[in-house]
Each structure stands twice: as structure tokens, then as C-alpha cells.
Amino acid sequence: MEKMENYDVAIIGAGVSGAATAYTLSRYELRIALLEKAADVGFGVSKANSGIVHAGFHYPLTTLKGRLEILGNLMFEKMQYELGFPFRRCGIVVAAFSEEEMKEVRKLYQRGLENHVPRIELCDRERMLHLEPKLSPEVTGGLYAPNGGVVEPYRYVFALTELAKLNGVELFTNCEIVRAERKNGLWELSDDSGRLFRAKYAVNAAGLYADEVSRIFGAEEFKIVPRKGEEFLLDRNSKAYPSKVIFPVPTGHSKGVLVIPTVEGTTMVGPTAEIVEDKQDTSTTRANFKQVFTLAKKMVPAVSERELITSFSGSRPSMAGEDFLIEPSKKVPGLIHAAGIQSPGLTASPAIGGYIRDLLKEQGLELREKTNVVRSLPPMPAVRNMSPEEADLLHKDDPAWTRIVCRCESVSEAEIVDAIRKGHTTLDGIKFYTRAGMGRCQGGFCSYRIIKLIARETGMTPEEVTRRGRTGTILRGRIGAEEKKNEN
Amino acid sequence: MKKHTRICIVCPAGCHLEILEDDNGEFTVSGNTCPRGKTYALNEMRDPRRVVTAVVPVNSEKTPYLPVKTDAPLPVPLIGRLLKKLYSMRLALPAKAGMVLIRDFEGTSVNVVLTRGAEEQER
Amino acid sequence: MKTENVDIAVIGAGAAGLSASSVCARAGLRTLVIDREETPGGVLLQCIHNGFGLHYFHEELTGPEYAERLLEKARAAGVEFRMESAVMKLRELGNEKELTVYSGADGVTIIHAKAVILAMGCRERSRGNLAIPGDRVAGVITAGLAQRFLNIDGFLPGSSAVIVGSGDIGLIMARRLTWCGIQVKAVVEILPYPSGLSRNIAQCLDDFHIPLRLSTTVTGIHGRDRVESIGIAPLVNGEPDLSREEIIPCDTVLFSVGLIPENELSRQCGVEINPSTNGAYVDGSLMTGVPGIFACGNVLHVHDLVDFVSEEAENCAANAVSYVKGGPPPMEKQLRASAADNLSYVVPNACRRGVTTRFYMRPKVLCRRAELLVKNGDGTVLLRKKLQYVKPAEMITADLPGETSAACPDTAELRFELRPEEEAKA
């Protein structure tokens, strides 16, 4: 039997909720384990997130998600200051194209006023076109919320996790919890490779699998229904790049197909929203592609399929009730659920961390602030954000700073090696951490160099390197290996 | 009477050739626009051959494989054996382009030559 | 930060860059070739198959052999190489051009050049560009990347594959994979005819009994972490007929669906790009809209024969040499050249009167016999050329003699037309 580790809190799932909780708790004298089943953090729901920091006019304050969204939104500057992830408070507009739609917009505006959304504005057509020149001239009016913004969701999760780790949180990846037993007032958790963890409290932040994790704990029965969203990414040079996030008027369950100016300069259109059966379904479809582009072009005529560089999808963990379920289990002790965290989960996440901390405190967790907390992450230099003089200076200490591996996104070998040393050892992990492989050529020119760097730094053979873990290896053998084997 | 069709590979025109084989094993070729096409068609029936290009493993981390080619078309039935032999080789550096790696493969007088050279590893 | 002054900076050490730089150095100009790879040669180094140099060297060579010949010429001419270096920025600085180059060896170097030759080649169109539906799994790879892994490093991309796209790169890889023990189950092509040369259909598919599925599209790629199968369906009226969808089990999908000239740097310094070629608009001397910046090879328009790349590059270099030695050319009115019926583009987009100019173009149609006509704007036929075996996969060239263009009034516009005489057999 493997040695069991003792923790105060075990957080299951390292997406926005789990990572924000780990980050919040890491300031206290606590032993925290962050358990993630994928090969890297944020690889579940959070990876496919649209990256929008919502403004807070969609949901009433009677909902938990509405309240946490407002609080979370306000925390992003501080978080960015500490963590250094890419974030821009560019503003959100909701565009209406008919009087019918304007009626809906006025309702949103009302809600915005009730929710005290700062400086929210109801706009006529002139004002809308002035605020966002890329809008179709067919726009009739809309609303403007200057406090909305965009963030890189995976960089955000990476940063939360990194700072948490610097403050003592232990991260375990490739760690899927399959059994939980209550013994002597503690949870004994075992993962799929036989590792064992003991913790006083557990937080179920398992995204799409929160219902299964709840079952493993013998806790409440609920069902997470995956609602898939597909997103389409346009080239950096796209003329459709707007200055603000453009929303249509929402319908039913979905906020609609948006045109998003990502923090890094690409334009994203989407997401769709459809219930799917398989939680692991990350496929994209032709029908959705057509639908998304039709809707996006209606709002921004400059959107063009020709500029598509890639598409991806992810599922929202939707639940009956459509609100966040963040509360202690009533069935079993020592378990806090953080389930059904769909939109505005990312926006709310800084506040979710604090909310869960307070719930744990109510449950008896002693919170003693650490005396020497690492308050911020050291800045992560990126060649693409540097002047040539700065890059040249860094090169004097380490020539890898001016060895460019990903030409499309200007990523140096030094940044990639840093990512690998921080534990990002899959192609996708490095892609999301450094942007290498995310550009025009989609890894065509840099993949082989990245694979070699991973092999060099970790001792893996190139054939063992995966796209994002498990059996997804990129290369499947070497010429002459069979013949060599037959000789020996 | 048997009918065979082939696309001629001698030049970029890629003529569609039709070859009729009678009961005595005699061939009649049509569809070619030049005599080379007729020769190609007859060879395809009697003794099809192809130039083979491949890579051979090298004893070097920096240059683990180097490209090779046959200096003349090789009878098709022998290609599998040639590839197997090439993949089980371990070339030592330095090696120059043009160097003969295999001479007169299985008595066909076809040689395998290196098409790219490499120096000894410095590290 | 180091600063260097050169006469001509060539960006890219592939076939175009090597051919161009030799001409520049032989003319006595200080010529620097900058490239991100370790060894000069570009994609030629991974094209280990035959078929290169028939026109240029009158020999049938493999890619690496062709590259070596060009490299020998370049070295003999005194070309300087800056390998493992990336040009991060290109801009005009007065009359000169400034390149900001990053390399592990030298850090950041600023290069001032009197003229620049763009020879960056192409990137491959990826699965993402096409919005192919399905799962995002390992085992989806472009043909050129698979070729690099296989031929340079000996890595096998998988054990059973389906190839999407019947252009020559895809066909060559079908044979290559088969010779490495990988089972190629099918080549799928969206058009009703193959994009590559018939001889490649013969020696890469027929030889190995690999089925070619024409008018067929990919309906999806499936798998959890790695490809497990691919769905294909015939196209009917431009849409997939899902009732006839087939699922082919495989662990690798190779995409060979087109090349896109790498013009990021060109755009950065204001070079206008032609949407018909995705390469720069160039005048009769292959100079772009930015004076002193020239373009040749695949970055200008996608070639199929490397021999033409070398010719184009040498011509381009000769013009760049004249530019450097003689200063910017006098403002002359060049004759505009454009593609009309049945041609998708013509390069260059202009012609200097009195200078014999080679034009390159691609047909939009497939036909056994055709006639190329170059007409003056008023309908006068300036040139006729009879052609055989016309197909989009094969570039057409035509030389307009200097005397012909000299005789045209300077308001003349050259229109290139292709007239099919006989439809091709399907």
C-alpha cells in the first residue's frame, strides 16, 4: 500500500473554480492538495472557455451566480496585478437589430442598473456605431457595459495554480479520484493509479464530472448535462477584430454567438450551445460552422470564413436550476460542492474562491494567515512583448531567449523550456502556456522542435510525447527500430 | 485476350496506355504518344522496375538518418527486401553524397547511393 | 545590439533563396542569406524523392541533391549564411531596409540592406483552416510535417493512414508511408479529378493499390486521444451525402490540402498582397510595391517545379543587383498584366517595355490541348503558345519578347487568356 498523504483540504478539479479555491486557500496555514485528472490544469471545461469577463447585467442578484459575477468582475485588476495573466477591460456591447430586440436590451439595462453595473449605458444607433465601428450598419441600438473584458482563460488558470504552488499547494495531475471513504473523521481518496490522499475536507470542483464525484463520495445525486459550445478562431490580421466584445440579444439558455476580440489579438466567433450526450465530446460540426458564421456576419459584416485558422469546442456543465451549486453537502460531512459552474463561472471565479473558503470556515476549518505569503508571481517575460533591446540583454544570460521556436507567435526556446520545467510537458500544455503552436501555421513549423525540447528536458523519448496526455502520442515509432529489435 | 491499363511515368504527360496480351503472351501497346511509352509498357508487363528512394539509419544523434536512392530502377519484387536491408543498416559518419552503400543488389547491377552527406558529429 | 550593413539580404535559404543569392554574390555584392533552420536547403532537404532538376541541371535529382548543387554555387560565389536566425521585423529605413534578426548565437542583430529578396516559401494549410468537423486528437498532421518527421528524423507518424488531398505532396507521401510499412487505406479528394500529376497517381497509388476516392469529402475525424477513424462521404451538389458515409478505421490522417505563401513579414512592411496568389503584387522586375523589396519562389506564388523557382529567383536577383548598383529604376510606365479567361493568376503583374519577360500562370481548367493568347487591351494578339495536358496542378510559363512589348503603346494592358481546344478525358 502506498504511503498516504494528509491534507487539510483536497480540491478535486483544477479548472477555474478549483484553481481559484487553491489560490485563495494558499494564503493560510493549510496543507492543500489540488487533484486534476488530466495531464495539465484547466484541460477540462476551462480550456474551451470564451475568455469573457462578464459585466453583470444578465442575471438577477437573487441568483448566486449573479452575485458572484459582480464580485468577481471587480477583482480582476488585482488578480492581474498579482498573477500577470493577459486581461483587458475592453468593454461589452449588446447589439440589437430590431425594436423587438431593443425591448430585450432595455430589460438587460434595467437589470444592469439593479445590479449596480458601473456606467452601464443604453445606446442609440449612432452611439453604438461610434463605440464599435465594426458593427453592421443595420444595428438599431443596444447597450454598453464598459466594465466587461477579455482574459486568456487557460493562462489565468495556469497563473492561479502557479501562485498557489509557490505558496505550498501540492498539485497532482493525471490524478482521477475513483474512490472516497470516510474514516476517522477524514476522507480517504484513491486515484486511478493507486495513489492515496487523506483530507479533512474535500471540494468537488470537478466540472463536467461533479455529479460522478458526488456519487463517489456517497453525496447528493444530481446530473450534469454537457452543453457543448463550438468556437472559431480567425487570423490575427482579420479585419473583423472589434474593439469591444459584441453580444447579440440573448435567447433562451444561451447568450448567443459573439464576436470576441481576444486579448492576444485574434478574433473569435462563437459559441454555439447544444446539449450533447457524451461529456468527452469536443468535436466540431459543419452545421454549427455555417450557423456561427451566418450569425456573426449579421453583427460584424467583416467576419470571413477565409480567415479561419482553427476551431474547437468544449461543454458547459449545466445542471437543473441553472444556478451555481456551491454549498456543503447535506448528505455527507466535510464535502463542499462547486457544481454547475457554467457562464459566468470564469468571471465569478475569484469570488468563488473566497466563497468556498468562507463555507469551509463555517464547517470548522481553521484559517490562520501565513506570515510569509508570496503575493505575486514573478513576471513571465515573453519575447513577443519585449523590445529587441530587452531580448538582446536576456540573451546574454541565456541564448535560448533569442532562439525563436514558434515564429507565428514569436515564442522563444527559453519560454518553452520554462513551461516544460513548470510541469507543462504535453504539446497542448505548452501551446496554452506559451502560445507556441497557436498561430497561423498551427504547429506546422514548430511541433518537431517542441517535441525535441520536451524530450531533452524531461528525458522522455520523442515517441512518448503526447498532444494532451494519456494515449495521444504524436509519433509512433522510428524507421529501423523493428529491424533493430529483430536483430537483438 | 487480356487487357491491361497503365499510366506511363516516363514524362509528365502521363499517357494512358492500353496493353493487349494475346494467348501466346505477345503484347500490343496503344495510347502512347512516343516510343518511350511503348518501351515502358512492355517493361511493365515483363519486368516492372522502379527507382527507390528511402532513408537509412545513421550512427549519429545530430543526423540520425540520411537519404539514399537506387542509381537505376530496381525490379519491383525486390523492393521489399531492399527496404528491409536499408532499414537494418547503421551508417557511420563521415559519409559523402554519392557514396555507394550497397553494390549490385542481389545481382541486378543496381547500386544504392547516398544522396546527402554529413560530417562527423562534433559534440 | 550588433548592427551590420549588407548590400542584399535574402530571407530564406530554400531553392529560391539559394538561387537568388548566388547571382547577387557573383555580381560582387555583399549578400547575406538568413534562415531559421540549421542547414540551408529548405524543404528540398526532406524531399528525398526523384524528379528535381530535369530542366535546370538536365539530370533527374532528388531534393537533397538539388539543394546541394545550389548550395555549392552559393558558397563558391561567396554568399554569407546566417542560419538558425529568425527575421522578426522588416521595415524601410530611408532608402535602405532594416531587418531585426534574432538568433541563439548572436542575440539580436540589426541588418541594414540596400535591397531585400523575400524567399520565405510557404506554410501548409492546416485542418483548422478547413473547419473539418470531429475530435481534436493526436494523429492529425499535415503532409509536409509528416515528411519532415519521417525523412529527417525517421519518426513514423502512425501505423495506418488516410490522406486527405490528392496533390503531389499527398501522393508522394502515400508512397513514402507505404515504403515505411505504414498502411495507407485511401486518398480522399474533393474534386472530381486528382490534383497531382498522373504519373504520381501511377507510381504512388496504383503501384500499391491504394484507392483514390474522388468527389469525396471528410465528414469527421474520430477518436479519444488519438485518431481512431475517419468518416468520408461522396459529394453531391457540393454537399456530403451522409447516407453514403463510410467510416475508415485508421490512426493517422494526413492533410495535403494546399500551400499558403508566408507573407507575414511582407505585410508588416507594407508589401501589398495579391489575393489570387497570396503572394506580393510585383512588377516586371519582380519588385514588390515597396521599392527595393523583391520576391521570388513559393512566397510569390506556389510553384510545382523547383527548376522554375531557380529561374525565377535568378531573374529576380539580377534585377535586385541592378537596383543596388544603379539605384532605384527611373519611373517608367510598365504594361499591366492580368489573367483573363481560364487562368487563375499571372505573375508578374506588369512588364517593362523592351525587356523579355517570363510570365508564370496557372490554368483553371483541365484540357488535353489549349492555346495561350496574350492580347493587348485593344484585342491585338501579341503572343500565341500551344499547350498540351493543361491542368491546374501544372504551372504554365510564357516568355514575352522585349521587341513585342517595346512595340506596344505605354497605355497597353496585357491580357492573358487560355483557350481550351479539346476537353480532357476525365
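Modeller: A:Pro226 has A:Pro317 as its bridge partner in β18(A). This pairing belongs to strand β13 (residues 225–234) of chain A, in which nine of the 10 residues are buried, so the strand is largely enclosed by the rest of the structure. Buried here means under 20% relative accessible area, exposed means over 50%, and partly exposed lies in between (1.4 Å probe, protein chains only).

The model is a predicted one, in which local features need pLDDT of at least 70 and side-chain atom pairs count only at pLDDT 80 or more, while totals for chains, interfaces and linings use all residues. Residues are numbered from 1 along each chain as its sequence is written, chains are lettered from A and ligands numbered from 1 in the order in which they are written, and side-chain values use heavy atoms, with hydrogens and water left out. Helices (H or I, at least four residues) and strands (E, at least two) are DSSP runs, numbered from the N terminus; two strands pair if DSSP finds at least two bridges between them.

β13(A) is joined to strand β18 (residues 308–318) of chain A by 10 bridges, and the two run antiparallel. Strand β17 (residues 274–275) of chain A is also antiparallel to β13(A), with two bridges; there A:Lys228 has A:Glu274 as its partner. Strands of a sheet pair through backbone hydrogen bonds, either parallel or antiparallel.

Salt bridges come next. Side chains of opposite charge can pair when their charged atoms come close. A salt bridge is counted when a side-chain nitrogen of Lys or Arg lies within 4 Å of a carboxyl oxygen of Asp or Glu, and the whole structure has 75 of them over all chains. In chain A, A:Lys279 and A:Glu212 form one, with the closest N and O atoms 3.0 Å apart. This pair links distant parts of the chain, since A:Lys279 lies in the loop between β17 and α8 (286–299) of chain A and A:Glu212 in helix α7 (residues 210–216) of chain A, 67 residues apart. A:Lys279 is buried at 14% relative accessible area, whereas A:Glu212, at 32%, is partly exposed. Also in chain A, A:Glu152, A:Arg236, A:Glu264, A:Arg384, A:Glu409 and A:Arg435 are linked in a network of salt bridges.

Chain A also meets chain C. Counting contact as heavy atoms within 4.5 Å, 56 residues of chain A touch 53 residues of chain C. The buried area, meaning the accessible area (1.4 Å probe) that two parts lose on being put together, summed over both, is about 4,600 Å² here, with 52% of it from carbon and sulfur atoms. On the chain C side, C:Tyr102, C:Arg136 and C:Phe155 lose the most area to chain A, together 15% of what that side buries. Six salt bridges cross this interface, among them A:Lys290 with C:Glu239, whose closest N and O atoms are 3.2 Å apart. There are 21 residue pairs in polar contact between chain C and chain A, both residues being at pLDDT 80 or more. A polar contact is a pair of N or O atoms within 3.5 Å; within protein, one must be able to donate a hydrogen and the other to accept it, and residues adjacent in sequence count only if both atoms are side-chain atoms. Among the elements of chain C that give two or more residues to this side are β4 (85–93) and α4 (143–153); α4(C) gives the most, with five residues.
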